[in-house]
Amino acid sequence: VENITVLDGQTEVIRVGQLDLLVNLSSLWREIVKIEHLILKGGTLYSEIDSTGRKPVILAKNNKEEKRSGISFDIESQDIRIIESNVYFGNLVKSNRTWLTVNEADLKLSISDSLVILTGTLDAHLDTLVSNNTILFANQPVKGKAIDFRINPNTGEKVLHDGYLLAHTLTLYPRFKMTTQDDGQNVELHISGDGNFNAFLELFEFHFGIDLEQINPGAELNIAYNQWGFVNPFLRPYTEIDFEIVGASFSGDDLPYPIENVTVAGNYNNGEGHSPETVQLEIDTLHAEIQHSFVNARLKLTNLKDPVIDAHFISGIDISHFIKQTDNIRIKGTIDADLVIDGRISELKSLHLEGKQAAKGTIRVQDLELLINDKALKVELTSGSTLLNNHILEVTSLVGAYNESAFHFQGLFENLDQYILSKNEMLGGSFALSFDRLDLRNLFPGGERKERVAPKSSMPSLDGLVLNLDVAGKEVITGLGTLENLRMKTRVDNGALQV
């Protein structure tokens, strides 16, 4: 038979391109329907729940209660093939969509004592998998091996009893159980896998904006996806993912040195509300190294719409590992950080005003040195200490030297986090710089006046800034002369510069 179409109203839900069916009628004497072969080519199954939650009707049920006959037939087939067919499942309420192309499936069917058993292999292509309007997978080859799927028509129970999936070289082991309840289903889904981390990365397209590549072929990934609970067109089940990445290393043209020995372990789940408002991302372990520098962290993030964060970061960083060195510019020194954040990110400012501690930490600088050879400039920061107090970043003390001219700097930024994250936030701050003697002849050499072309770059915008800078020095040396007993107050106020 060819070109069969099944409609639900005006919507096509089933299409059969070609169906070749051969039944052995002699087996009926033994109360067995034996299908010698069933070949389906160019088939389509289209099932989409509309915005009102209405499910499509694939095959209409008879309203009259049917009495079962005393004669029952077993059905079996050793040769069922599905070729070049498509399957689509959608849910407009949850914004879920799945397109799957079956290149070829070789299956066996057995129906006996009200138990349907379907076994075999599957070669398919996952065109698109979208959940809550987010593309999770696209354009991925998928193979199913040793599949054993069972259905009990009397109870409505459906079970994926055995089998595994191959996605590129990653092996996944799914187990699935679904039972009917009221207007929905009780679902239990477990998918586990372990293997090469690069095989997992091949399933996704990442857009970091920087050149980044995982370079350790021995990096491992362990992952377990679990989903259970009641589900219907409107309700989502509880979902969680446990993951662990061990031994990953990343390199790229944008990194001066590779990031090595990356270990990440944690859990992602959609919380008790099964929604973005109750989502939790918890990273128990985060460790990374860049030569002798390291970063350790733990992180818990709740509610993706208005994030609540509980995090602790500890790091010991050689600054030369993060900034590319050139023949003209060299930088070295160490930065140690210990930061704790606990609270709703959008409320850090108000929590500070209420006297509640939500973000705190220290950043210490030791023996930091910057050399710019063509300018004959040398800046040394012997020691420095910075405190984070909610939205206030305070430089309590910074002692250093500019071309061997010692100086002392201190001050604070207010609302720096919101200024970086939001477009319309103001950045406030006040700073003080003091020194005995400051030699600026390399910056302002003086001498004969020469005609020069005005630079193309303009002064950065001062909009959104309210900053005060106090400068006090006994002696400032320039190519034009020497200033003594300098005292200067400067204020930037939302676009205006006042000295």
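Colleague: What is the mean pLDDT of the chain?

Modeller: The mean pLDDT is 84, and 88% of the residues reach 70 or more. Over residues 64-71 the pLDDT is below 50. That stretch has three contacts in the model beyond near neighbours in sequence. Where pLDDT is low, the predicted coordinates should not be read in detail.

Colleague: How many helices and strands are there?

Modeller: The chain has three helices and 27 strands. It runs to 499 residues, and 30% of them are buried. Of the contacts with a separation of 6 or more, 50% are between residues 24 or more positions apart.

Colleague: Switching to aromatics. How many aromatic pairs are there?

Modeller: The search of the whole structure gives eight aromatic pairs. One of them is Tyr46 with Tyr88, which is stacked, with 4.6 Å centre to centre and 25 degrees between the planes.

Colleague: Which parts of the chain does that pair tie together?

Modeller: Tyr46 is in strand 4 (residues 44-49) and Tyr88 is in strand 5 (residues 74-91), so the pair ties together parts 42 residues apart in sequence.

Colleague: Is Tyr88 buried or exposed?

Modeller: Tyr88 is buried, because its relative accessibility is 4% and the cut-off for buried is under 20%. Tyr46 is partly exposed, with a relative accessible area of 25%. Tyr46 and Tyr88 also form one aromatic cluster with Trp99.

Colleague: What about Phe409 and Phe431, how are their rings placed?

Modeller: The ring centres of Phe409 and Phe431 are 5.6 Å apart and the planes are at 15 degrees, so this pair is stacked. Phe409 belongs to strand 23 (residues 405-414) and Phe431 to strand 24 (residues 427-439), so the pair links distant parts of the chain, 22 residues apart. Both Phe409 and Phe431 are buried.

Colleague: Back to strands. How many bridges join strand 11 to strand 13?

Modeller: There are 12 bridges between strand 11 (residues 184-196) and strand 13 (residues 220-231), and the two run antiparallel. Leu189 is opposite Gln227 of strand 13.

Colleague: What joins strand 13 to strand 14?

Modeller: Nine bridges, again with the strands antiparallel; strand 14 covers residues 238-251. Ala224 has Asp242 in strand 14 as its bridge partner. Strand 13 and strand 14 form a hairpin, with six residues between them.

Colleague: You mentioned Gln227. Buried or exposed?

Modeller: Gln227, which lies in strand 13, is buried at a relative accessible area of 17%. The side chains of Gln227 and Tyr225 are joined by a polar contact of 3.0 Å.

Colleague: Which residues does Gln227 touch, leaving out those up to four places away in sequence?

Modeller: Gln227 touches Val187, Glu188, Leu189, Pro237, Tyr238 and Thr239. Leu189 is the residue that stands opposite Gln227 in the strand pairing.

Colleague: Last topic, Glu484. Where does that sit?

Modeller: Glu484 is in strand 26 (residues 481-493). Its relative accessibility is 59%, so Glu484 counts as exposed.

Colleague: What is Glu484 in contact with, apart from neighbours within four places in sequence?

Modeller: Glu484 is in contact with Lys474 and Glu475. The C-alpha atoms of Glu484 and Gly473 are separated by 7.5 Å, and these two residues are 11 residues apart along the chain.

Conventions. Residues are numbered from 1 along each chain as its sequence is written. This is a predicted model: local features need pLDDT of at least 70, side-chain atom pairs count only at pLDDT 80 or more; totals for chains, interfaces and linings use all residues. Side-chain values use heavy atoms; hydrogens and water are left out. pLDDT is the predictor's confidence in each residue, from 0 to 100. Contact means heavy atoms within 4.5 Å. Helices (H or I, at least four residues) and strands (E, at least two) are DSSP runs, numbered from the N terminus. Buried means under 20% relative accessible area, exposed over 50%, partly exposed in between (1.4 Å probe, protein chains only). Rings of Phe, Tyr and Trp (its six-membered ring) pair if their centres lie within 6.5 Å; planes under 30 degrees apart count as stacked, over 60 as edge-to-face and the rest as tilted. Two strands pair if DSSP finds at least two bridges between them. A polar contact is a pair of N or O atoms within 3.5 Å; within protein, one must be able to donate a hydrogen and the other to accept it, and residues adjacent in sequence count only if both atoms are side-chain atoms.
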